[in-house]
Amino acid sequence: MTDMDPGTYYDEFAEGEWERLDRDPVTRMEFENTTDYLAEFLPDSGRVLDAGGGPGRYTCWLAERGYEVEHCDLSAEQVAIAREKVAERGLGDRATCQRGDLRDLPFADDAFDAVCCLGGPLSHVVDDAERADAMAELRRVARGGHASEASEAASRESAGAPAFVSVIGRFAMLRDVVQFSLEDAHGLLAPIAEDGDYTAERVEKLGSGEGWAECHGFRADEFEAELEDAGFDVDRLVGLENVATRTKRELADADEAALDDVREVVRTLREDRTAVDFSEHMLAVCRA
Ligand SMILES: C[S@@+](CC[C@H](N)C(=O)[O-])C[C@H]1O[C@@H](n2cnc3c(N)ncnc32)[C@H](O)[C@@H]1O
């Protein structure tokens, strides 16, 4: 059986994770749609957290725009790659990368003017209680999110820092099983549909024994409710790939005009609730 621990998985996946967001038209849509919202809702300047930042694509994007960025990730290999990418671009004076776990972030209360947790890190915290802790941690370190009585009162008066959180969609996970591993792993469909959890135990019992990193696939309503339980105000949910979900092969040979039309319809539909629900990744734009 493969090791489905997220830290180990991303250590081994290494540079592949840097390539991910520029690998094909669909992953580029994830990046482009995410950065559209960052550009619109980030403050003009300040200190930004990139939690579960992996190889540092967003860290570099943020530092290139003048933000002071703190990156952290569970995987030592991903932290090493992020440091390299930051150094190659001459961004070392604006971005710091370190190991850190979402469930116990190594930062002070109210430390950041904006918080990012993008591309699915929270989906890899499969245990419900641990995921609630991780969401509470993201809010704690965001300006205005630390839950003392004084700061609760202050944050009611002035909006807290923005938070940008994206996770993996449950329907897209189910499509993966149907599309790529139906023969070996159809037994996983019913339990994932029920609670979203893709775990080592289930893959051992109901699948082929070979698996990807453990993961929780979200429904849109569930994602919003969990963020609200952690104290975030959710401004909007965005389906980052929506109708283009899992169309990498179909789009590989598409000409530019066709691709432009696909990108345009994804942009048009990206805040439609149904499009959010069946997207590979859903982004929440929130306030702490
Ligand atoms: C799909 S990658 C996304 C990386 C990056 N944010 C991006 O979008 O390119 C998910 C990342 O979450 C990290 N991760 C998973 N569980 C984590 C945890 N508990 N704390 C911190 N990082 C975690 C993994 O190591 C991995 O680098």
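Me: Which residues surround the ligand in this predicted model, and what makes a residue count as part of that shell?

Reply: In this predicted model, 23 residues surround the ligand, and the closest are Tyr10, Gly52, Gly54, Gly119 and Pro121. A residue counts as near because its C-beta atom, placed from the backbone, lies within 6 Å of the molecule. Helix H1 (6-13) and helix H4 (57-64) are the elements that give two or more residues to this shell, and H1 gives the most, with three residues.

Me: Why are strand S3 and strand S8 called edge strands?

Reply: The open sheet of seven strands runs in the order S3-S2-S1-S4-S5-S9-S8, with mixed pairing. Strand S3 (95-99) and strand S8 (233-239) each pair on one side only, and these are the edge strands. From one strand to the next, the twist averages 15°.

Me: How do you know that strand S5 and strand S9 pair?

Reply: Pairing requires at least two bridges, and strand S5 (residues 162-168) and strand S9 (residues 281-287) have seven, in the antiparallel sense, so the two strands count as paired. Phenylalanine 164 stands opposite valine 285 in S9.

Me: Which strands does helix H6 touch as it packs on the sheet?

Reply: Helix H6 (residues 128-141) touches strand S1 (47-51), strand S4 (114-117) and S5, and its direction makes about 155° with that of S4.

Methods
Residues are numbered from 1 along each chain as its sequence is written. This is a predicted model: local features need pLDDT of at least 70, side-chain atom pairs count only at pLDDT 80 or more; totals for chains, interfaces and linings use all residues. Helices (H or I, at least four residues) and strands (E, at least two) are DSSP runs, numbered from the N terminus. Axes are lines fitted to C-alpha atoms, for helices over the stretch in contact, and angles run from 0 to 180 degrees between N-to-C directions. Two residues are in contact if their C-beta atoms, placed from the backbone, lie within 7 Å.
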